[in-house]
Amino acid sequence: MTDSVADISHLILQKLLENPKVPRDISGDSRIVEDLAFDSLAVMNFVMEIEDTLDVSVPLDKLADIRTINDLAACLHAIKAEQA
């Protein structure tokens, strides 16, 4: 399935682009709060959607370190690797 950071980043981008309010010119370097204008509730809801898709759970303490889409992808990749 999605096992590399690039694959997970691509999946996240695809999910984000399903939302018409998200800018079309996003990339892995896009900042979730600043560039996408997500508030804390939107971030939590989106992370929960990605967690369901990938069947993982992101600990709340790790969320504090996530700034960009690539940061989220790397975090999810590390969690999936720990579960393997």
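**Exercise 1. Helix α4**

What span should the 15 residues of helix α4 (residues 69-83) have at 1.5 Å a residue, and how far apart are its end C-alpha atoms? Determine also which residues of α4 are buried and what they pack against.

*Solution.* The structure is a predicted model.

Step 1. The expected span of a helix is 1.5 Å times one less than its number of residues. For the 15 residues of α4 this gives 21 Å.

Step 2. Taking under 20% relative accessible area as the limit for burial, one finds that the buried residues of α4 are Ile69, Leu72, Ala73, Cys75, Leu76 and Ile79. Around the axis, these residues cover an arc of only 165 degrees, and they therefore lie on the same side of α4.

Step 3. The buried residues of α4 pack against α1, α2 and α3 (60-63).

**Exercise 2. Salt bridges**

State how many salt bridges the model contains, and describe the residues of each.

*Solution.* 

Step 1. Side chains of opposite charge can pair when their charged atoms come close. The criterion applied here is a side-chain nitrogen of Lys or Arg within 4 Å of a carboxyl oxygen of Asp or Glu. By this rule there are two salt bridges.

Step 2. One of the salt bridges joins Glu49 and Lys15, whose closest N and O atoms are 3.8 Å apart. Because Glu49 belongs to helix α2 (residues 40-54) and Lys15 to helix α1 (residues 5-17), the pair ties together parts that are 34 residues apart in sequence. Glu49 is partly exposed, at 34% relative accessibility.

Step 3. A salt bridge also forms between the side chains of Asp35 and Arg31, with an N to O distance of 2.9 Å. Asp35 is partly exposed at 34% relative accessibility, and Arg31 is likewise partly exposed, at 38%.

Step 4. As a further distance involving Glu49, its C-alpha atom is separated by 17 Å from that of Lys21, the two residues being 28 residues apart along the chain.

**Exercise 3. Thr68 and Ser30 in the loops**

Locate Thr68 and Ser30, decide whether each is buried or exposed, and list their contacts.

*Solution.* 

Step 1. Thr68 is situated in the loop between α3 and α4. Its relative accessible area is 14%, so Thr68 is buried.

Step 2. A polar atom of the Thr68 side chain lies 3.0 Å from the backbone nitrogen of Asp71. With neighbours within four places in sequence left aside, the contacts of Thr68 are Gly28, Asp29, Ser30, Arg31 and Ile32.

Step 3. Ser30 is situated in the loop between α1 and α2. At a relative accessible area of 7%, Ser30 is buried.

Step 4. The side chain of Ser30 places a polar atom 2.8 Å from the backbone nitrogen of Ser27. Leaving out neighbours within four places in sequence, Ser30 is in contact with Asp35, Arg67, Thr68 and Ile69.

**Exercise 4. The annotated domain**

Identify the feature that UniProt places at residues 3-80, and give the helix and strand content of that segment.

*Solution.* 

Step 1. The UniProt record, an unreviewed entry, places the feature "domain: Carrier" at residues 3-80.

Step 2. Over residues 3-80 the chain is 56% helix and 0% strand.

Step 3. The end C-alpha atoms of this segment are 8 Å apart.

Conventions: Residues are numbered from 1 along each chain as its sequence is written. This is a predicted model: local features need pLDDT of at least 70, side-chain atom pairs count only at pLDDT 80 or more; totals for chains, interfaces and linings use all residues. Side-chain values use heavy atoms; hydrogens and water are left out. UniProt positions are given in the numbering used here, feature names are shortened, and annotations may be inferred rather than shown by experiment. Helices (H or I, at least four residues) and strands (E, at least two) are DSSP runs, numbered from the N terminus. Buried means under 20% relative accessible area, exposed over 50%, partly exposed in between (1.4 Å probe, protein chains only). The arc is that of the directions from the helix axis to the C-beta atoms. Contact means heavy atoms within 4.5 Å. A polar contact is a pair of N or O atoms within 3.5 Å; within protein, one must be able to donate a hydrogen and the other to accept it, and residues adjacent in sequence count only if both atoms are side-chain atoms.
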